[in-house]
Amino acid sequence: MITSETLVHAMSQSALVGVALLDDKHKFAEVNESFCRIYGYTKEELIGQPLSMISPTDFRERASLLYQDYISGNTGKDVKHIRRKDGSSAIVHITTENVQEGSRQYKLMQLVELPENTKSLLEKKKELEIRPIAENVNIALLRCNSEGKIIFANDAARAALFLPQGYQVLNMQSYIFSGNISRQLPLLQLLNEKASFENIEVLIDRADGSQLWILLSARPIVINGALHYDMSLANIDALKKMEQKLLEKIELLKSTNKQLDNFVYSATHDLKAPLASLSGLISIFRYEDDTEQQEFYLQLMEKSIHRLNEFIKEIVDYSRNSNQELKVEKINFQELVDEVFEGLEHMEEATITQKIINIDQHSLFFSDKHRLKVVLSNLITNAYKYGSSHRRDSFIHVHVQADSQQASIHIKDNGQGISQEHLDRIFDMFFRASAGKGGSGLGLYIVKETIEKMQGNIHVVSEVGKGSCFIVTIPSQIKTENNGQMSLDI
Ligand code: ADP
């Protein structure tokens, strides 16, 4: 028997309010007439029964979820859809609170049946319940009105577009660059033109000024007679960037292919020419009795063989440079330059040309010795070849200035020089500006490629009739501190 004044008062309330008292096991301890009427049970049927029994069997599972909140101890107010004993449904406003009766804890449920038209209220509630889904998914969702004002953006959309939190979002306008349409137009214009579209790739301006590649779909929707657009957007930024990289790689491959074609064409020519001249020389040699003349032909044959040999060496240098990693070692420029000059002693011009070598190196320097040799060897060979060995004052000046960070190498001659129109092209594959010197046009191309591999650069200053100066700058691969400590160059 309940004696507490509040409870007695609650129980005897107006005939409209259904009141039930649940014990600590969620069983009905007391119910009033209105409660029985709302649910369609008699008082006897309810007392002592668990809360879940007030729903028809097929609804109990859902009902237990419905009442879960109350069972787990939460109290509060709510509008609920309930089922009566006969299966018909009703909408009720439920209030629950915890009450104390002596030493025992009870839960007091009070409910009022709401009229039928409250249904729209429930539908609105359902709509609200969808919001958490929109917030939960990882797809960015946006709704905007026909003026382009964003009236809803879920978390993913806010994050993707850096939209500011809260409702100031509503006034934001977005502008896009369209990937497929290849036009730059405001997003709203695109929506007005197409109304509905699926998976358009768009580069969109974000609220922070940065840009993002998205896959955009849009559908028109009429809300309260006004046109709106619902949009979903997927972040494809990483994919697009990868695609761009791939396209760049394809372009590179195409140009490499072209270069290769070019290479095969010119290489075959350069291999064939000395061979043809060799076979011609052998033919006439057979019919030559004069030993002096024979000696002359032999010298010419030697030259052809030398040309072939040089060409093959260049191809090997080229292939090594593109395939092999840098082999970093300590560089002594004095030794290196001396070695290169020694290797070129066989050249006719070597004996006539004055060599001026100036090495200024006081710190350790690290680079790829073989590659540096290829570069110096090619540049010095050219200085001989295109120098002024016919003049008495012909010279080659090699000046190296190296510190622990970088080396700059000047190779200067007072030879024929290079005309302005050729200057831009001398580093191209197979380009020759001087006919009759027997070169392949590969040398400076290899020089440039090799220097690039060493992260250096090369440029040339030249004047026709006065001479040329090639200036190479190479960074040290390991930078050394003043105190002798070394740090790896990344
Ligand atoms: P090649 O096998 O023809 O020497 P390179 O690639 O080494 O090929 O050089 C390309 C062209 O650049 C040469 O044909 C020549 O006209 C010009 N050139 C290179 N070095 C010099 C130089 N020191 N002085 C004048 N011209 C040069």
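## Overall composition

A residue is termed buried if 20 or more other C-beta atoms, placed from the backbone, lie within 10 Å of its own. By this criterion, 24% of the 490 residues in the protein are buried. The model is a predicted one, in which local features need pLDDT of at least 70, side-chain atom pairs count only at pLDDT 80 or more, and totals for chains, interfaces and linings use all residues. Residues are numbered from 1 along each chain as its sequence is written.

The protein contains 15 helices and 21 strands, taken as DSSP runs (H or I, at least four residues, for helices; E, at least two, for strands) and numbered from the N terminus. Of the contacts (C-beta atoms, placed from the backbone, within 7 Å) with a separation of 6 or more, 53% join residues 24 or more positions apart.

## Helix H9

Helix H9 covers residues 237–286, 50 residues in total. From its first C-alpha to its last it reaches 73 Å, close to the expected 74 Å, a span given by 1.5 Å times one less than the number of residues.

H9 is hardly covered, with three buried residues among its 50. These are Asp-270, Pro-274 and Leu-281. Helix H10 (291–323) is included in what covers them.

Notes
Buried ≥ 20, exposed ≤ 12 C-beta atoms within 10 Å, placed from the backbone. Contact = placed C-beta atoms within 7 Å.
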